[in-house]
Amino acid sequence: MLWLLVGLCGLALVNLSAPHPQATITQKPRFYGVMERRRAVIYCECPLKPPLLVDWFWAKDSDSEAEGPMRPNGSVVIRGKTRWHSAFLLLENVSLSDSGVYYCQVNGTRGAGTGLQVMRESLSLGSGARRTQAWPTRFLISRLSDAFIQRD
Ligand SMILES: *[C@@H]1O[C@H](CO)[C@@H](O)[C@H](O)[C@H]1NC(C)=O
Ligand SMILES: *[C@@H]1O[C@H](CO)[C@@H](O)[C@H](O)[C@H]1NC(C)=O
Ligand SMILES: *[C@@H]1O[C@H](CO)[C@@H](O)[C@H](O)[C@H]1NC(C)=O
């Protein structure tokens with residue numbers, strides 16, 4: 001009986017000191033720069049099968065204590081993992097004060113965090129830039145095609 005107890009305690013210690021490798025949580029992206037009033041999506045990947053308890057925490061910076069769990073509302077959307085997509089956090093209409101570090105937690109295990117930097121929309125860009133939501137992509141494509149043409 002004693003040996004059984006010792007064995008059980010040993011197992012418990014092993015479980016505490018070496019978390020199951022399958023519980024690895026990967027947040028994507030790790031760093032995120034976004035203009036104010038846009039949306040930001042942070043994915044939380046985890047090989048565990050649903051149902052999973054996914055919570056999100058926010059900290060002012062990586063040295064500050066995280067607050068949470070965050071509650072969904074009109075501008076905060078929280079979705080769990082499904083067959084088709086990873087769990088994610090969607091922030092609508094971000095403001096400068098949404099900057100910080102966002103941590104995904106799956107069944108009690110926390111991810112490494114995603115640094116979100118919300119940038120003030122430059123006055124010189126004006127309202128035109130706000131309407132053209134996809135300009136960074138277009139910019140990238142035009143730069144890529146520039147490079148392509150140059151190589152030709
Ligand atoms: C995660 O937590 C949920 C809800 O508490 C539970 O139903 C599920 O079995 C847990 N999954 C794992 C792999 O621990
Ligand atoms: C939603 O919650 C966040 C904090 O998690 C808060 O900053 C924001 O103002 C809230 N938005 C609405 C529409 O209530
Ligand atoms: C976005 O947030 C700003 C404040 O940060 C608010 O003035 C504006 O009405 C919001 N826009 C939408 C579409 O919710």
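The shell around ligand 1 holds 4 nonpolar residues, 1 polar residue and no charged ones. Keep in mind that this is a predicted model.

**Stop 1: ligand 1.** Select ligand 1 and show its surroundings. The residues around it are L48, P51, L52, L53 and N107.

**Stop 2: the open sheet.** Switch to a cartoon view. Look for 4 strands in the order β1-β3-β6-β5, paired antiparallel. The edge strands are β1 (26-28) and β5 (76-79), and each pairs on one side only. On average, neighbouring strands here are turned by 15° against each other, direction ignored. Strands of a sheet pair through backbone hydrogen bonds.

**Stop 3: β1 beside β3.** Zoom in on β1 and on β3, residues 40-45. These two strands run antiparallel and are joined by 3 bridges. Select K28, then find Y43 of β3 opposite K28.

**Stop 4: V118.** Go to strand β9, residues 114-119, and pick V118. Is V118 buried or exposed? V118 is buried, because 21 other C-beta atoms lie within 10 Å, and the cut-off for buried is 20 or more.

V118 and M35 are 83 residues apart in sequence, yet their C-alpha atoms are 5.5 Å apart in space. Finish with the contacts of V118. Leaving aside neighbours within four places in sequence, V118 is in contact with V34, E36, V94, S95, L96, D98 and S99.

Terms used:
Residues numbered from 1 in each chain as written. Chains lettered and ligands numbered in written order. Predicted model: local features only at pLDDT ≥ 70, side-chain atom pairs only at ≥ 80, totals over all residues. Near = placed C-beta within 6 Å. Nonpolar A, V, L, I, M, F, W, Y, C, P; charged D, E, K, R; others polar. Pairing = 2+ DSSP bridges. Axes fitted to C-alpha atoms, helices over the stretch in contact; angles between N-to-C directions. Buried ≥ 20, exposed ≤ 12 C-beta atoms within 10 Å, placed from the backbone. Contact = placed C-beta atoms within 7 Å.
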